[in-house]
Structures are given as structure tokens and as C-alpha cells.
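Trainee: I would like a close look at a single part of this model. Please take one chain and walk me through how it is built and what it touches.

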Amino acid sequence: MLAYTIRRILLVIPTLLAVAVLVFFVLRVVPGDIVEIKLAAEGGIISAEEIQKEKERLGLDDPIMVQFYKYMIGLPRGDLGISLWTENNVSEEIMSRIGLSFELAILSTILAVLIAFPLGTISALYRGSILDYVIRIITIGGIAVPSFWFGMLLIMLILATFGNLPPLGTISIFDDPKTNLYQMIWPALSVGYRYSSVVARMLRSSILEVLSEDYIRTARAKGVFERIVIVKHGMRNALLPTVTVIGLEFAFLLGGLVVTESVFNLNGIGKLFVDSVVRNDLNLLQGLVLTVATGFVLVNLIIDLLYAALDPRIRYQK
Amino acid sequence: MSDLGVTKDDNIEKDVAKPSRRTLLDFIRQQPLGSLGIVLIITMMLAAIFAQHVAPFNPEDVDFEASPAFGGGAPSLAHPLGADAFGRDILSRLIYGARTALSIGFLSAFFGCSIGAIIGTSSAFFGGKVDLLVQRFIDLMLSFPIIVLAIIVIAVFPKSVVLGVDVNVIVAIAIPFIPKTARVIRSQALAVVTLPYVDAARTNGFSSMRIIFRHILPNVTAPFLILITAFIGQAILLEASLSYLGLGVVEPTPSWGLMLSGVNTDYYRTAPWMIIFPGLAVSIAVFSFNLFGDSLRDWLDPKLKL
């Protein structure tokens with residue numbers, strides 16, 4: 001297990017390095033000029049001289065290899081440069097908002113698991129019944145319904161019930177957990193619906209697959225109680241692929257956050273990501289892409305290690 | 001000829017005849033949900049093609065008297081699904097929006113899958129270092145959620161509209177599909193590459209291009225078709241999300257995602273129809289393609305893992 005863990009951890013470094021290099025060069029192809037956009041937003045007529053001066057100040061007139069060098073030596077220290085728009089430190093910009101997104105991600109995962117497990121299990125055990133059909137329609141819907149629209153429907157529901165929409169996410173979970181949770185539950189539900197549908201579908205099909213295995217028949221044949229067959233022999237094995245899906249979806253949650261944070265006007269990294277594209281803020285965009293990639297790689301690492309702990313066969317593979 | 005021989009021949013004929021009986025009727029009988037999907041898809045396509053004749057209004061006709069801002073716009077006989085903030089008929093905008101959604105959906109899924117399929121088969125055919133390099137690159141691309149990848153592409157490519165179609169949006173949606181298709185098609189092509197006729201083609205001295213396009217690609221058509229249908233639904237969802245964020249198509253092009261963005265959200269309470277119907281349109285479209293795609297997979301290749 002130790003050798004496997006070390007090998008797996010070492011694999012993280014080249015992956016992240018490749019992402020870092022690729023992101024830098026891909027984003028340098030961007031044709032829009034941040035300096036022009038920024039100065040134009042401030043109004044007035046801009047001369048070529050002013051543009052040049054601003055570029056020098058932001059270090060954008062350096063040759064691309066010099067910029068690349070500065071960027072690469074900054075990385076190990078967590079220095080991602082400054083945002084070209086706000087001129088704040090990129091790492092600080094990201095760190096100040098990542099907490100909110102992380103909380104949202106965790107909350108939606110908990111909601112998704114809480115919803116998906118009963119739905120998936122019932123759907124598989126009562127396969128072909130009306131209950132199964134209802135659950136399947138709900139879960140297919142979760143994949144088809146755009147999460148931002150679902151969020152809008154939730155907002156309409158809140159407005160219809162309470163009459164007003166509080167500014168969400170402004171109260172920290174550490175100051176007032178109850179209010180915070182009460183507010184964050186809505187965006188979490190908006191992201192979590194799709195998430196739970198994916199997990200429930202996976203759980204349903206893997207339970208069905210496991211229950212048709214020979215060892216289940218053996219267990220039944222030797223007279224084990226049906227409840228124990230399902231819980232001990234069935235669920236335990238069906239959980240493996242489900243854990244992977246939960247993890248992968250968690251890593252991909254940023255995709256859902258990008259739109260949901262815009263719907264609920266939450267200042268998380270999803271919204272920051274959209275803003276950075278609209279403003280052509282390369283440094284910020286680059287920092288965010290790296291953050292996303294790091295998050296994905298780390299979650300994957302955790303899934304793999306968890307998987308190896310759950311299933312001994314994996315540890316011994318090459 | 002012995003009796004035994006005749007029976008054998010009969011059996012062979014039966015086996016050969018089987019696949020040709022997999023007709024449309026067969027599909028409808030075996031896959032009722034998928035057929036429902038097809039019916040919905042064809043309805044949407046007809047509405048999109050004949051939008052001028054079907055839509056009661058011009059989607060860009062502004063009529064402030066019918067705007068919710070002045071107390072109007074509720075669903076009525078004239079405007080069955082209501083009117084938006086500019087008093088434009090929502091039903092007409094949805095019908096024209098189907099054009100945007102379907103054209104972008106089809107084109108991006110087709111280009112994304114085609115390029116992905118070529119990369120996947122080439123990777124399987126050449127094997128060795130080429131395969132390893134391509135696979136690592138695909139791993140890298142797969143580590144981003146598709147919408148994040150699409151937004152990065154939007155940031156890199158300048159806005160360009162050709163013949164009223166947003167090329168940069170199509171490219172942005174197509175690129176995230178490439179690695180996914182390449183991965184699935186490669187695994188299918190790996191089995192084909194080892195077949196004797198590929199060796200035969202090599203021995204005949206055919207070029208790699210010819211072997212890939214004439215001998216391997218036609219044999220991965222089933223997963224290719226399944227992937228395209230699955231991705232059209234995702235592409236429609238992605239187009240709606242991008243347009244909603246203001247990164248996709250722009251006004252005055254009628255787009256379902258665009259109808260949910262911007263000022264429209266000021267009308268949550270006074271004009272809920274402005275929010276409900278466009279979202280419903282996206283959901284039904286994605287739902288039908290998912291149903292059809294799922295059934296197509298069950299029908300053509302039940303073991304395929306997407």
C-alpha cells in the first residue's frame with residue numbers, strides 16, 4: 001500500500017507541470033488586449049503611448065519567454081502574479097473566494113449523497129415497479145434540466161414563499177452557522193439535483209449488476225437472509241463504482257458552480273472565472289485554471305487511494 | 001447434397017437475415033422511450049426549419065404595450081406563452097431559438113465527434129509512443145469540466161459569425177467533446193486493429209490514411225453514432241449555459257439561454273413565464289436527445305461504456 005501511495009503521489013507532479021506550461025502558452029494566443037479594454041472602460045481617448053506605458057507597468061511588454069520564466073519560478077512559491085484588472089495578487093483573489101465555493105461543493109455533495117442513496121437503492125431493488133419508473137424519470141430529469149434554470153425556479157419559489165431573497169453567502173459559516181446553512185442550502189440544492197441524479201443512476205445500475213453475480217446466488221442458496229445478502233454482499237460491492245462517480249463529480253463540480261454562482265450572485269471562484277474571461281484578465285484566468293486542475297488531480301488522488309484501500313486487487317496492479 | 005447440409009444452409013441464411021430485420025419498426029417496438037425521443041426531436045427540427053411559417057410573430061418584433069414592464073405580457077390568446085421585457089412573443093422566440101440550439105448542437109457534436117474519432121482510431125492504429133503521448137494529452141483535457149474547457153476556448157478565440165452561425169461558440173462546444181470521443185473510439189478501434197483484414201491491408205501496402213479511413217473508421221460507426229446523439233443534448237445544454245453567462249450567442253439572435261439572462265431576471269415575480277418556458281424548452285430538448293441516445297445504445301451496443 002505504501003509503495004502504491006508513493007507512486008501515485010509522484011505522478012501528480014508531472015501532470016500539474018504539464019497543465020501549467022500548456023495553460024500559459026494557450027492563453028498567450030488570446031487576441032483581445034486587456035490594456036485597451038481596461039483603458040477604454042475608464043473612458044476617454046487612449047493614445048498608443050498610454051497603452052505602451054500601461055503594458056510596461058504590468059510587465060506585458062516583456063518577451064514571452066521572460067514572462068514564462070517569471071511565471072514558472074513564481075509557481076512553487078504560490079505566486080501567480082497580479083490580476084491585470086484589479087491589480088490584486090491572484091492567489092489572494094482566489095483564496096478569498098475559494099472558501100465559499102468549497103462550502104457549496106461540500107454541501108451539494110452531502111445533499112447529493114443523501115438524496116441519491118435511497119433513490120438508487122429503492123430503484124434497483126424494486127426494479128420495474130411504478131416507484132422505479134418515477135425515480136428514473138426524476139433522475140433523467142436531473143441530467144436534462146439546466147442547473148441554472150433549476151436555480152432560477154428555486155429563487156422563484158423562495159420569492160413566492162418568503163417574499164424576498166436575502167443576499168446569499170454574505171454570512172460566514174463560522175460566525176452564524178444556522179443562517180449560513182439556511183442560505184446556502186438553495187444554491188447547493190441547485191447544483192446537487194444533477195449530482196444526485198448521476199450518482200443515483202450509477203448506484204442503480206451497479207446494484208443491479210452486482211445482484212446478478214454468482215456469489216449473490218450462492219449466498220441466497222445457502223439461506224442467508226435477503227437483507228444481509230443485499231447489505232453485506234450486494235451494497236458493499238456496488239459502492240465501489242459509486243464512490244468513483246461521487247469523487248469524479250465532486251472534481252467536476254466547478255462546472256456546475258460556474259453557472260450556479262452567477263444565478264445566486266455568489267462571489268465564489270465560479271463567478272470569478274466568468275468575470276476573468278469577460279475582462280480578458282489572463283493572469284487571473286491562468287491562476288484559476290491551475291487551481292481547478294490542482295483540485296481535480298488531488299481529488300483523483302484521493303479517489304485512487306480510497307479505492308486501493310477498499311479493493312485490495314488494485315494495490316497489486318502495475 | 002445431404003439433408004444435413006441443407007439445414008445448415010438454412011441456418012446460415014437465417015443468421016444473415018437477422019440484422020436486416022432491424023428496421024425502424026423494430027426500434028419503435030423495442031425502445032418506446034427512444035421513439036418518444038425521436039418524435040420530439042423531429043418535431044423540434046420541423047419547427048426550426050419552418051420557423052417562418054410556424055411562429056406567430058417575428059421573434060425580433062418589439063411591442064412595448066405587451067411588455068411586462070407596462071403590466072402586459074401574460075400568456076394570452078395572442079401570445080400563448082406570454083411576451084418578454086421588450087414585448088417580443090416568447091413562443092416565436094422559442095421556435096427561432098430551436099434553430100440556434102439545434103444548429104449549434106448538431107454542428108458542434110458532429111465536428112467534435114469526427115475529430116475525436118479520427119484521433120482515437122489513429123492513436124489505436126499507430127500505437128506505441130504516439131498512442132502514449134495522445135493518451136496523456138487526452139487525460140489532461142479530461143481533467144477539466146466541459147463548461148470550463150468551453151469557456152477557456154471562448155477566451156482564446158475571437159468572436160466570429162459566418163452565415164449567422166457563431167463559429168467560435170461551435171468550436172468552444174466541440175473541443176471538449178474531442179477527448180471524450182477519442183477515448184471511447186480508441187478502445188473500440190483497438191479491437192479492430194488486430195483483425196486479420198487490417199494486416200492484409202498493411203501487407204498490400206495501403207497507406208495508413210487509407211487503412212484508418214476505409215478499414216477502421218467504418219467499423220466504429222456504432223459508438224460514433226451513439227456518442228453524437230449523446231453529445232447533441234450536452235451541446236444544447238452547453239450553448240444555453242454559455243449564452244446565459246453572456247459568453248455564447250448575442251442579442252438579438254433568439255437563443256434559449258439568452259432568454260434566461262440579463263434583464264429577464266428582474267421579472268421573477270411579475271412575469272414568471274419569461275423564465276419558465278425557455279428553461280422548459282432546453283430541458284425537453286436535452287431530455288429527448290438523452291432518451292434517444294440511451295435507447296440507441298441499448299439497441300446497437302448495450303455494453304458500450306460512455
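Mentor: Chain B has twelve helices and two strands. Keep in mind that this is a predicted model. Along the sequence, the order of elements in chain B reads α-α-α-α-α-α-α-β-β-α-α-α-α-α. Chain B holds 306 residues, and 51% of them count as buried. Now look at how the chain folds back on itself. Take the contacts in chain B between residues at least 6 apart in sequence: 72% of these join residues at least 24 apart.

Start with B:Ser92. Helix 5 of chain B, residues 90-126, contains B:Ser92. B:Ser92 counts as buried because its relative accessibility is 0%, and the cut-off for buried is under 20%. What does B:Ser92 contact, once neighbours within four places in sequence are left aside? The partners are B:Ala55, B:Pro56, B:Phe57 and B:Pro59.

Next, B:Ser288. Helix 12 of chain B carries this residue. B:Ser288 also has 0% relative accessibility, so B:Ser288 counts as buried. Leave out residues up to four places away in sequence, and B:Ser288 touches B:Gly37, B:Leu40, B:Ile41 and B:Met44.

In the contact between the chains, 35 residues of chain B meet 40 residues of chain A. The size of an interface is often given as the accessible area lost when the parts come together. For chain B and chain A that area is about 3300 Å², with 82% of it on carbon and sulfur atoms. Which elements of chain B give two or more residues to the side that touches chain A? They are helix 6 (128-142), helix 7 (146-156), helix 11 (221-244) and helix 12 (273-300). Helix 12 of chain B gives the largest share of that side, eleven residues. By residue type, the side of chain B that touches chain A splits into 27 nonpolar, six polar and two charged.

Now the polar side of the account. Between chain B and chain A, the rule finds zero salt bridges. The count of residue pairs in polar contact between these chains is one, with both residues at pLDDT 80 or more.

Across the interface, chain A has a boundary of its own. Chain A is divided into domain 1 (22-90) and domain 2 (94-315). Here 17 residues of domain 1 contact twelve residues of domain 2. The two domains of chain A bury about 1400 Å² between them, and carbon and sulfur atoms give 63% of that. On the domain 1 side, A:Leu27, A:Trp85 and A:Val90 lose the most area to domain 2, together 33% of what that side buries. Zero salt bridges are found across this domain interface. Helix 2 (12-27) and helix 3 (34-41) of chain A each supply at least two residues of the domain 1 side. Helix 2 of chain A gives the most, with three residues. That side of domain 1 divides into 13 nonpolar, two polar and two charged residues.

Key: Residues numbered from 1 in each chain as written. Chains lettered and ligands numbered in written order. Predicted model: local features only at pLDDT ≥ 70, side-chain atom pairs only at ≥ 80, totals over all residues. Heavy atoms only, no water. Contact = heavy atoms within 4.5 Å. Buried area = accessible area lost by both parts, 1.4 Å probe. Salt bridge = Lys/Arg side-chain N within 4 Å of Asp/Glu carboxyl O. Polar contact = N/O pair within 3.5 Å; in protein donor to acceptor, adjacent residues only side chain to side chain. Helix = DSSP H or I, 4+ residues; strand = E, 2+ residues; numbered from the N terminus. Nonpolar A, V, L, I, M, F, W, Y, C, P; charged D, E, K, R; others polar. Domains from an automatic or database assignment. Buried < 20%, exposed > 50% of the residue type's maximum accessible area, 1.4 Å probe, protein only.
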